Amino acid sequence: MKINNAFFAFILKRLLNSVILLVIVMSLVFFANRQIGDPARMVLGNGASEEAVLNLRTQMGLEDPMSQQYGRFLYGLATGDLGKTFRFGLSDSVRAGNDANALSTLPIAMDRLPATLILAGATIIFSVLVALPLGLYAAARPRSPPDRAIGVLSLAGVSIVEYWFALVLVLVFAVQFAWFPTSGYGTVAHVVLPALALSLRPIGRITQIARSSLLDEMAKPYITAAKGRGIPMRRVAAVHALKNAAIPIVTTIGDETINVVTGVIIIETIFGWPGIGALTVDALSIRDIPLVEATVFLLVLMVLTINLLVDVAYAFLNPRLRIG
Amino acid sequence: MRNTVSTKSLALALAGVLAAPAHAAGGGELVIVGNQEPQSMQAQVAHKEVNGIGLRNVIEQLTRLDPETNEVLPMLAVSWEQIEPTVWHFDLRDGVKFHDGTDLDAEAAAVSINWLWSPENSYPVRDMMGPQITAEVVDEDTVAVITDGIDPLLPRRMYLGGITSARQILEEPEDHSVNPIGTGPYVFDEWKQGQYWTSTANPDWWGNSADDTYGEIFYDSVRVVWRPEALVRSAMVESGEAQVAMFLTREECDRFGAASGIDCMVKGSDTFLQFRLDYQGAHPLLQDQKFRKAIFTGINWEGIRQNLMSLSEPLAGQMLPSVATGFADGIEQYAYDPQGARALVDELKAAGNEIPTLEVTTRLGSTPRNGEMIEAIGAMLGAVGIPTRIAVEEPGIFNPRAVAKPTPDRSYAWLHVQANPLMDYALTFGAHYTCAGNVSVFCDPDFEARANAAAELTGDARHEALEALVVEGHERHIVAPVGLLQRAYGVVEGFEWDFGVDHRIVAVNMRETK
């Protein structure tokens with residue numbers, strides 16, 4: 001496979017766009033975070049005096065001019081230091097004049113990254129393994145009873161609310177049949193229910209797109225010609241049609257992966273899964289601004305990486321992109 | 001050969017039994033599933049169970065409360081005495097060691113008390129403080145606790161503040177947030193943030209041999225996990241993953257009723273739901289008794305409590321139940337009288353007043369179905385001619401507004417929970433009925449002076465003085481109580497647990513009989 005300069009230029013351009021987008025999104029997060037309540041009041045409680053709150057705000061850097069805070073934020077973004085958490089350690093260590101020991105937010109968030117990657121990865125792999133054969137099977141037998149059944153199931157997949165489905169899974173598979181743990185983290189068995197809950201929508205969407213893309217492709221003249229040459233139907237579909245139908249499928253897989261990454265917030269919270277999503281909820285609930293910024297940073301980074309990978313996949317699937 | 005091995009095994013097993021610690025244990029691991037992760041493991045967090053679930057297994061206090069009578073009992077202090085009106089001496093228990101091996105002596109206790117109640121640290125536990133508390137060493141076994149004003153409740157307040165290692169506070173203060181070092185029956189092991197925290201039975205716990213111990217170690221270890229979703233918490237007990245699931249809803253308890261092997265424990269708490277309405281300094285009409293009466297009687301409080309508060313007990317027109325000091329016998333909940341309320345509103349309008357739009361808020365997640373409750377309040381007030389704007393607010397939005405003092409352009413009310421672990425009206429008055437009270441929107445210097453004077457009294461005189469103020473507060477429509485919260489727990493069948501209105505998750509008061 002030939003890869004020339006146009007391909008690298010394409011990737012480089014995408015990378016640059018990603019960096020710009022990252023800065024824009026993080027800047028929005030920075031300004032939004034400063035409008036959602038006073039973290040010092042959250043830490044100290046309603047009973048704290050105004051003086052104590054002001055004191056802590058000063059220590060948190062929230063009393064500095066906005067331009068100074070923003071400059072510090074951008075510098076931190078460039079150097080990978082998004083500040084110290086307001087939650088773990090700050091309340092004691094900062095008050096004790098020992099803020100060097102307060103914990104940096106990016107390592108805390110990074111610590112939760114593997115759990116989210118495991119969950120998101122398992123969800124997408126499972127979804128693709130289920131959805132692609134379903135979509136192809138349905139496309140091979142359009143308007144047949146199995147096709148209609150798959151259509152109904154895939155529609156249900158995109159329509160059912162994950163939150164509700166997650167609770168049903170817990171009651172049925174953890175309580176009723178005792179096949180899996182209700183929640184938690186640590187073993188392969190713990191991944192099953194949250195991944196199942198998250199995979200409902202991707203399975204539905206990928207099945208639908210795989211079916212329709214393949215059907216479109218199968219209606220094209222070159223497929224008729226291939227059939228006329230006596231090439232077996234299965235080979236025509238799997239080798240010729242599927243390759244050309246792959247771009248919309250890959251796009252959908254990319255979109256759904258992004259949906260899974262951003263959708264883990266609810267599922268991680270329900271299942272006590274110690275990932276980025278659950279940490280984001282915790283950080284938001286106590287207005288731990290630096291920690292929110294660190295978790296959102298990683299989430300945005302994941303989304304941009306997925307987009308980039310999808311772009312690379314396009315390039316491999318579409319020679320015009322690859323060779324210019 | 002086989003005989004030799006068997007003999008050796010037997011000998012080893014016997015040695016193991018003989019070497020076992022004196023405490024009972026053997027109950028395996030106790031798993032408690034709570035609703036939220038602690039934000040920190042600081043001693044101050046444990047002043048409310050919900051803030052630091054299970055932390056009282058590691059950290060102890062000078063005093064404790066009897067779960068049945070709510071009477072103050074010895075814990076790390078074996079006795080106490082009021083030496084002067086503002087000075088109390090606490091005699092410490094002999095031979096108690098912190099989990100880091102340091103001794104609990106007067107110096108350690110003083111460091112811990114000063115750290116906990118310090119205005120510089122400004123921990124939220126200070127919400128429960130009366131006059132400022134400081135501590136000094138009297139002798140090795142006696143610590144003096146000094147208050148800025150007279151505080152007859154001090155021994156009771158000492159139940160709120162945990163005593164932790166002075167060495168840690170002085171040498172490793174940053175560790176205080178994540179590694180609690182107390183004297184309790186369980187030694188802190190690990191806090192895996194986002195997942196669980198664990199502790200192991202303390203074989204050297206003073207309670208193993210003391211006559212006045214408050215429990216017995218049954219479980220070898222305690223693991224606290226958290227799941228925000230009530231259904232998942234209850235499912236953990238049903239599936240055998242946990243023995244105790246905290247804070248279930250009535251629906252969950254009803255579901256347990258049909259299941260086998262699961263029980264639901266329900267008990268009243270020290271926390272009440274109240275409707276607080278802007279007063280002095282707010283929109284002029286909110287300072288008018290007619291308008292306040294129209295609001296308070298235009299809402300069907302008992303209907304809301306019975307139908308929307310999931311698990312609750314009625315309150316007799318005041319914020320605390322009958323066991324509280326200052327409870328007033330003669331008053332009742334504000335009676336629902338929509339016609340009377342409408343007539344009052346019409347009368348005010350006829351006098352040329354413009355009825356302000358009342359902003360009714362509640363804090364997201366503070367109590368089940370609070371959003372529905374403020375919807376009902378909005379509809380009922382609308383029906384009597386009082387316009388409302390309702391909002392369920394995030395804590396970050398709600399909290400700053402809750403502590404802000406009223407302004408003339410403000411017509412604000414909240415529906416929110418408040419706790420009174422001391423079961424004494426002086427604490428409620430301090431927070432709610434004083435000009436400087438942290439969540440007070442009521443400000444009457446004369447009332448405040450009488451409340452302050454009552455707070456310094458003891459015995460019947462205290463009760464009567466506080467009772468008179470409760471009656472006056474009711475007549476002046478300061479706050480409308482809605483109901484006392486009950487807390488429900490899903491537990492495995494045969495689970496025994498002795499706990500009071502503070503709902504402490506203390507493993508030495510728990511055991512399984514099956």
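Guide: Arg156(B) is buried, because 21 other C-beta atoms lie within 10 Å of its own. A residue counts as buried if 20 or more other C-beta atoms lie within 10 Å of its own, as exposed if 12 or fewer do, and as partly exposed in between, with C-beta atoms placed from the backbone. The model is predicted: local features need pLDDT of at least 70 and side-chain atom pairs count only at pLDDT 80 or more, while totals for chains, interfaces and linings use all residues. Residues are numbered from 1 along each chain as its sequence is written, and chains are lettered from A and ligands numbered from 1 in the order in which they are written.

Arg156(B) belongs to helix H3 of chain B, residues 154–157. Helices (H or I, at least four residues) and strands (E, at least two) are DSSP runs, numbered from the N terminus. Leaving aside neighbours within four places in sequence, Arg156(B) is in contact with Val72(B) and Leu422(B); contact requires C-beta atoms, placed from the backbone, to lie within 7 Å. Asn70(B) is 86 residues from Arg156(B) along the chain, yet their C-alpha atoms are separated by 9.6 Å.

Chain B also meets chain A, in a contact that takes 39 residues from chain B and 42 residues from chain A. On the side of chain A, the elements giving two or more residues are helices H2 (39–44), H5 (90–93), H8 (162–176), H11 (233–271) and H12 (276–285). H8(A) gives the most, with 5 residues. By class, this side has 20 nonpolar, 14 polar and 8 charged residues. Here Ala, Val, Leu, Ile, Met, Phe, Trp, Tyr, Cys and Pro count as nonpolar, Asp, Glu, Lys and Arg as charged, and the others, Gly among them, as polar.

Two of these helices, H11(A) and H12(A), also pack against each other, at an angle of about 85 degrees and with axes 7 Å apart. H11(A) is therefore roughly perpendicular to H12(A), a term that covers angles of 65 to 115 degrees. Axes are lines fitted to C-alpha atoms, for helices over the stretch in contact, and angles run from 0 to 180 degrees between N-to-C directions. H11(A) contributes Val264(A), Ile265(A), Glu268(A) and Thr269(A) to this packing, and H12(A) contributes Gly277(A), Ala278(A), Thr280(A) and Val281(A).

Chain A comprises 14 helices and 0 strands. Of its 324 residues, 42% count as buried.

Note on methods: Contact = placed C-beta atoms within 7 Å. Parallel < 35°, antiparallel > 145°, perpendicular 65-115°, else oblique.
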